[in-house]
Every structure is written in structure tokens, then in C-alpha cells.
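Here's a quick briefing to read alongside the sequence and the 3D view. Take a look at the fold, then run through the notes below.

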Amino acid sequence: MSLDRETVTQIALSAVAVLLFIAGTVVVSTNYGTNGDLTQEGGIALVAAIAAFVVVMLAAGLFLERREF
């Protein structure tokens with residue numbers, strides 16, 4: 001089964017976005033974690049990481065939709 005170029009690009013872009021999100025949550029948890037809990041600033045940073053992920057996925061979707069393969 002071969003994949004066309006559009007599908008490979010979508011998979012790669014989505015995988016990069018997910019890896020960036022995971023890296024962001026790890027950074028937040030290591031910088032704002034105390035005894036297994038998040039501080040108040042850590043909670044805000046985690047919400048910001050989630051919001052950034054949503055914005056990145058929105059931008060990626062718009063980019064892929066407008067791109068001609």
C-alpha cells in the first residue's frame with residue numbers, strides 16, 4: 001500500500017505538532033512540578049500549552065487545506 005504525497009505530509013505535520021505538544025507538557029511539568037503536583041503557575045502554563053497546540057493544529061490544517069499537491 002503506497003501513500004500519496006499529501007497523506008505523508010499530513011502525517012508528518014501532525015506528528016511534529018503532537019511531539020511539540022508532548023515536549024511542552026514535559027517542560028511545564030518539570031519546571032512547575034512540586035512533589036507530584038503542579039503549582040498554580042504550572043496550571044496556567046499547561047492551559048497555555050494546550051491552547052498553543054490547538055492554534056498550531058488550526059494553522060497546520062489551514063496550511064494543508066490551502067496547499068496544492
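The protein exposes about 5,300 Å², and 66% of that comes from carbon and sulfur atoms. Keep in mind that this is a predicted model.

**Layout**
- You'll find 2 helices and 2 strands here, and they run α-β-β-α along the sequence.
- Helix H1 covers residues 5-32, while strand E1 takes 33-34, strand E2 takes 37-38 and helix H2 takes 40-66.

**Overall dimensions**
- The radius of gyration is 16 Å, whereas a compact globule of 69 residues would come in near 11 Å.
- Laid along its principal axes, the C-alpha trace spans about 50 × 25 × 10 Å.

**Contacts along the chain**
- Take the contacts between residues at least 6 apart in sequence: 58% of them join residues at least 24 apart.

**A closer look at H1**
- Thr9, Ala17, Thr25 and Val28 are the buried residues to look for in H1.
- The cover over those buried H1 residues includes strand E1, strand E2 and helix H2.
- As a reminder, an α-helix has 3.6 residues a turn, so residues three or four places apart point the same way.

Note on methods:
Residues are numbered from 1 along each chain as its sequence is written. This is a predicted model: local features need pLDDT of at least 70, side-chain atom pairs count only at pLDDT 80 or more; totals for chains, interfaces and linings use all residues. Side-chain values use heavy atoms; hydrogens and water are left out. Helices (H or I, at least four residues) and strands (E, at least two) are DSSP runs, numbered from the N terminus. The radius of gyration is taken over C-alpha atoms; the globule rule is 2.2 Å times the number of residues to the power 0.38. Contact means heavy atoms within 4.5 Å. Accessible areas come from the Shrake-Rupley method with a 1.4 Å probe; for residues, only the protein chains shown count as cover. The expected span of a helix is 1.5 Å times one less than its number of residues. Buried means under 20% relative accessible area, exposed over 50%, partly exposed in between (1.4 Å probe, protein chains only).
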